[in-house]
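Thanks for coming. I will take one structure today and go through it from the whole chain down to single residues.

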Amino acid sequence: MADAPQHDPHAPHTPFSGRALRGALGRFGTGVTIVTCLDAAGRRVGLTANSFNALSLSPPMVLWSLRLASPSLPAFRAAGHFAINVLAEAQVHLSRRFASPVADKFAEGQWTSGEGGAPVLDGSAAVFECQAEAQHDHGDHVLFIGRVVRIAEHALPPLLFHGGHYRKLGEGV
Ligand SMILES: Cc1cc2nc3c(=O)[nH]c(=O)nc-3n(C[C@H](O)[C@H](O)[C@H](O)COP(=O)(O)O)c2cc1C
């Protein structure tokens with residue numbers, strides 16, 4: 001049975017519920033990243049994000065989005081650089097940690113300082129270090145666009161996310 005539409009007085013009228021939308025979006029399988037930066041006081045900030053995607057090859061640009069209500073938002077708004085750490089399968093515990101409001105997210109994992117001090121995670125499948133290029137507020141999220149200034153890649157099994165669950169890479173089709 002279809003979900004009853006939710007009655008949020010601030011939401012524009014849509015013919016589907018927020019839950020149905022999240023369910024449909026979740027059918028799009030993705031990788032998982034931890035996006036990081038330094039805040040104005042030099043503290044490390046990061047969160048799990050699967051909204052990451054390629055934007056442009058030449059010049060090299062990538063994008064991701066952050067919900068407006070996130071406590072990490074002021075740091076990313078002000079940061080000159082951010083790093084996208086593409087997680088390997090073995091890093092699922094870090095994905096869970098960085099998707100939770102724990103006090104010191106960076107107490108686990110081996111971190112180094114990348115461009116502009118943005119934290120780079122050892123053992124990631126790939127890293128995209130970015131200069132902040134643009135940000136656009138749309139709906140309840142901010143779209144961040146970065147110009148890629150350094151990359152790293154490692155042949156590790158990736159962490160995947162589909163249907164609200166973490167997944168492993170299966171057989172090719
Ligand atoms: C697999 C996965 C993907 C996520 N992707 C995003 C995302 O793209 N953007 C976002 O704002 N939150 C995303 N989240 C939720 C954040 O990780 C979560 O709200 C986290 O607590 C945000 O950190 P904050 O408390 O500093 O805002 C995702 C969570 C998971 C588990």
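I start with the overall chain, then the sheet, the hairpin, the core and the ligand.

This is a predicted model, in which local features need pLDDT of at least 70 and side-chain atom pairs count only at pLDDT 80 or more, while totals for chains, interfaces and linings use all residues. Residues are numbered from 1 along each chain as its sequence is written.

The chain has three helices and 12 strands. Helices here are DSSP runs of H or I with at least four residues, strands are runs of E with at least two, and both are numbered from the N terminus. The radius of gyration is 17 Å, close to the 16 Å that the globule rule gives for 173 residues, so the chain is as compact as a globular protein of that length. That radius is taken over C-alpha atoms, and the rule is 2.2 Å times the number of residues to the power 0.38. Along the principal axes, the C-alpha atoms fill a box of roughly 50 × 40 × 40 Å.

Of contacts between residues at least 6 apart in sequence, 61% join residues at least 24 apart. A contact means that two C-beta atoms, placed from the backbone, lie within 7 Å. Buried residues make up 28% of the 173. Buried means 20 or more other C-beta atoms within 10 Å of the residue's own, exposed means 12 or fewer, and partly exposed is in between, with C-beta atoms again placed from the backbone.

Next, an open sheet. Three strands form it in the order β1-β11-β12, with antiparallel pairing. β1 (30-31) and β12 (165-167) stand at the edges with a single partner strand each, so one side of each has no neighbour in the sheet. Strands pair if DSSP finds at least two bridges between them. Two bridges join β1 to β11, residues 160-162, and Gly-31 has Leu-160 as its bridge partner in β11.

Which strand holds Thr-30? Thr-30 is in β1. Thr-30 is partly exposed, with 17 other C-beta atoms within 10 Å. Leaving out residues up to four places away in sequence, Thr-30 touches Asn-50 and Phe-161.

Now the hairpin. Four residues connect β4 to β5 in a hairpin, and the two strands pair antiparallel over three bridges. Ala-54 stands opposite Val-62 in β5. The loop between β4 (53-56) and β5 contains Pro-59, and the peptide bond joining Ser-58 and Pro-59 is cis, with omega about 0°.

Val-62 also turns up among the contacts of Ile-84, which include Trp-64, Phe-52 and Phe-128, not counting residues up to four places away in sequence. Ile-84 belongs to the largest nonpolar core, which has 33 residues; Cys-37, Phe-82, Ile-84 and Leu-87 touch the most other members. Such a core is a set of buried Ala, Val, Leu, Ile, Met, Phe, Trp, Tyr and Cys residues joined through C-beta atoms within 7 Å.

Last, the ligand. How many residues surround the ligand? There are 17, and the closest are Leu-47, Ala-49, Ser-51, Ser-70 and Ser-72. β3 (44-49) and β5 (61-67) are the elements giving two or more residues to this shell. β5 gives the most, with four. A residue counts as near if its C-beta atom, placed from the backbone, lies within 6 Å.
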